[in-house]
Amino acid sequence: MKTGSWSKVWIPWLLLVAVAMLFGADLLAPDVAIAAEPAAAAEAAKAPAFPPAPKLSAADYPQIAGVNGRVAVWLAAQLHLWFAAFVLAVPIFVFVIEAIGMATRDERYDSLAYEFIKVSITAYSLTAILGGLLLFFLIIFYPHLFQYLATIFRKSMIYYALLFFAESGVLYLYYYGWHWLQGGFRKWMHLTLGLVLNAVGTTLMFLANAWVTFMMSPAGVDAAGVFSGDTWAAIHNALWNPINIHRVVANVAFGGSIVGAYAAYRFLNAGTAEQKAHYDWMGYTANFVAISALLPLPFAGYYLTAEIYAYSQQMGITSMGGIFAWLFIIQAVLIGTLFLSANYYLWCGMGRSDGAVRYNGYVKYLAIVIVGAFLVWFTPHTLVLTNEELKALGGPYHKFLGPLGIMPAKNIAVNTMIVFTTLSFLMYRRANKIPTVSWVKAGNAALAGLFAAGILNILFLGVYHGYFTNTVYKVASSIPQVLTTLTIIVVSTVIDTFMYRGAKEVAPLRWGRVPDRAQYALFLLAVAFTWLMGLMGYIRSGLRQHWHVTDIFRDASPDAFTPTLGYAANVVSVGALIFMALVIFVFWVSQVSARHTAAAGYWKAEAA
Amino acid sequence: MSNFLKVVVFSLLVIAFFAGFSNFGVPQIEPAPPPKEEKLELGAMTIDQFVALGKKLFEGKGTCTLCHNPVGGRAPLLDRAAAAAAERLNDPRYKGKAKNVEDYLYESMVAPSAYVVSGFGKAGTNDTESPMPDASSGSIRLSEAELRAVVAYLQDLSGVEVTVKIPTEVGTEQKAEAKPAQRPPAKNAEELIAQFACTACHKIGAQPGGPIGPDLSKIGATKDAEYLRRAILDPNADVAKGFARGLMPANYGEQLYARELEMLVAYLVALK
């Protein structure tokens, strides 16, 4: 692909940005009610015309017998979010895969990208339906909250609704025009549509993110909740960008895992070797997408948590050291599941290559380190004990395991897990190749040095700051540790890519030669991701505790209490079951269109 | 078993494992219910009871122990806070207005950045800004009396003389909270207008009224809901020609229930 050709994509995109800025200018303008009399206009401009946050009582929350309003809103919101994450994520990597296809002129990439978008297209209408359901539930069960939010975000809500038209139009054109817009300039047009689709979809998500983050870290309002009229201030609240970044990365990982599950299912049901090879490749690509986004995800999560602490230390402590602290043990189990299943899939996939035997011996060591890191992450700091147990243990902390419960130990664990997953991936890439460059020894030595030095640095930073400094500096190692890990990922990928340029293949890669159990690793990845998103959605929302809008709009409903982790887990599980059932339906529907039944004798014979 | 069933059973087992672990693998801590305003019987309290109230607030509603504890190390321990106060008042870094220990402790809760203990400031502020919120506002919202009770507790904890006098009134926060609770909400706009004696100043609909405020008998024909809502909540924002500023009380936002406000606005909009 020529570099200059990119202008064909960027120019329309810049035009789109210009249009967005025109709309945005209106969105950013101060929102003050127009005074009826010109003489009062200046006064009105000074005095905001918005009501304070209402002070409600339990009677202000409509009840419907047999329906718990909070659970209804919770499930509708979570289901909407799962589908929205999926349909927003898939076009991101479809765009990348399509571009790779154009660059390499390998049609298999184009077909793969089309198959990915085909899976997501049916989910699109379900996303909209669930969004409507959420809106209705909010209006029915929390009318005052919705009215208050709509008063502040009325402008952005209108743009949100209008952007849906744009999203739908571009998506349908992108999908249905796939085979029409092929070759030369038409293909560029199609790729541009993909870019526009992503720009509109991401903007939609950012607008919705502003509403939920406003509820967590309100801005543009005074202590009584009176809106200043500055919509941009309300949108650009303290947690908006951290959530934006976190959701974009998490969506890609989640979308990759769901499409991976689709490929896994098709692989298991494939009737021919060709089909098996195709869906094996699709599953591998989806897993690659999921892992690529999974690796930076903990960093995005860390940034979000740091910003929560910076916004409100109380909120931060409530999440990590307060009532939600045990939730992170559950999260550790889920993240451990994600890393182990993603790695297991890679290790199984090495069976596709005849050259992989050279690396098989290392797999057990990788597994030991990743499981070890998972166990450290899984270790709680304080233990809930009976008085007798407390006496026997000599306090709430275990002598040896207690130190593993603090954040620096977790930081070492998660960075180690990521570094070793990178190593797994490098091994997989090398499995079927033999490098031909003259500097192989030097390159391997440099890589070994990079990994060794990086791991030592991660360990040293964590141990020194975690156990030999004041509490306030305990997490100071986090950023240099993250930078070390990122350096390892980037530098090792660059060295490896150059080292394996023009490498000889041991034997043709045998797509489809992978055990069925590897497909279950892909299902595990998808289910764990779904469940994890639900759990983290609970904590994000639950951090507000008994406030609709933190500190300014109190939740006075009978459901204002924070539920236990078990209760939350049950709601998340029910939601995950509904989601998986709907996803299976979506997968099934996406195949139905290709089926043709010959209804012999049903149709009238055509006249000769 | 078909692949479909295998996949369904596998997914169900995975979800059941996560749910099971969350229910039985971690302790089920029942989070405290939302705090309720307790009516303080200040007149009948001894100083010991007042100190005990301060301890209760310190560990409960005030959420002080969230940070001021020996485990997390996020904020200085306060077991010697009152004893250290005299020294801090003379510290050149002190930026507050307190003249004695009692006022220093009070100030440290409502203006925590007046003096930041070394090593406990916000990152990058060189200990000039405290990460602690104002305990009299936000989600903590301790009343005047409650703040004084915490001061008394901190003095007692430090082993110095408790100089706090038990206040006779609860303070602004609890009074403001208490007002709406004392009055049952009006059933309709007419009842509300009668309760607040709006017709003393305004002519409203068919009801006769005084000439002190503008005639509202057909106000809905010229003004919309937003204007009217603002006029009730912030009457000095727009003052109709020929009427004096500041006559209408500006605290209806505190006195009206949200539902009543909307009911009244809807009623006025319909007057055409």
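Start by selecting helix H18 of chain A: 22 of its 27 residues are buried, so the helix is largely enclosed by the rest of the structure. The model on screen is predicted. H18 covers residues 516–542. From first C-alpha to last, H18 reaches 39 Å, close to the 39 Å expected at 1.5 Å a residue.

Now widen the selection to chain A. Its secondary structure comes to 19 helices and four strands. Of the 608 residues in the chain, 54% are buried.

Select A:Pro218, in the loop between helix H6 (184–216) and helix H7 (231–235). Is A:Pro218 buried or exposed? Its relative accessibility is 16%, so A:Pro218 counts as buried, the cut-off being under 20%.

Show what surrounds this proline. Leaving aside neighbours within four places in sequence, A:Pro218 is in contact with A:Thr213, A:Tyr311, A:Val549, A:Thr550 and A:Ile552. A:Pro218 and A:Asp551 are 333 residues apart in sequence, but their C-alpha atoms are 8.6 Å apart in space.

Stay on A:Asp551, which is found in the loop between strand E3 (547–549) and strand E4 (553–554). Its phi is positive, about 70°, although the residue is not a glycine. A:Asp551 has a relative accessible area of 23% and is therefore partly exposed.

Move to A:Arg105, in the loop between helix H3 (69–104) and helix H4 (107–141). Here too the residue is other than glycine and phi is positive, near 55°. How does A:Arg105 count in terms of accessibility? At 73% relative accessibility, A:Arg105 counts as exposed.

**A nonpolar patch**

Select A:Trp439, A:Val490, A:Val491, A:Val494 and A:Phe498 together. These residues form a nonpolar patch on the surface, with about 410 Å² of accessible area between them. Pick out A:Val494, which is found in helix H17 (residues 478–499). Its relative accessibility is 42%, so A:Val494 counts as partly exposed.

**The interface with chain B**

The size of an interface is often given as the accessible area lost when the parts come together. Between chain A and chain B, the buried area is about 5200 Å², with 65% of it given by carbon and sulfur atoms. On the chain A side, select A:Gln313, A:Gln314 and A:Tyr520: these lose the most area to chain B, together 11% of what that side buries. Counted by contacts, 66 residues of chain A meet 54 residues of chain B.

How many salt bridges cross this interface? The rule finds one between chain A and chain B. To see a salt bridge, zoom in on the side chains of A:Arg154 and B:Glu226, which meet in one with an N to O distance of 2.9 Å.

How values were computed
Residues are numbered from 1 along each chain as its sequence is written. Chains are lettered from A and ligands numbered from 1 in the order in which they are written. This is a predicted model: local features need pLDDT of at least 70, side-chain atom pairs count only at pLDDT 80 or more; totals for chains, interfaces and linings use all residues. Side-chain values use heavy atoms; hydrogens and water are left out. Helices (H or I, at least four residues) and strands (E, at least two) are DSSP runs, numbered from the N terminus. The expected span of a helix is 1.5 Å times one less than its number of residues. Buried means under 20% relative accessible area, exposed over 50%, partly exposed in between (1.4 Å probe, protein chains only). Patches are made of residues with over 30% relative accessible area and no salt bridge: like charges are joined within 9 Å, nonpolar side chains (Val, Leu, Ile, Met, Phe, Trp, Tyr) within 5 Å. Accessible areas come from the Shrake-Rupley method with a 1.4 Å probe; for residues, only the protein chains shown count as cover. A salt bridge is a side-chain nitrogen of Lys or Arg within 4 Å of a carboxyl oxygen of Asp or Glu. Contact means heavy atoms within 4.5 Å. Buried area is the accessible area (1.4 Å probe) that two parts lose on being put together, summed over both.
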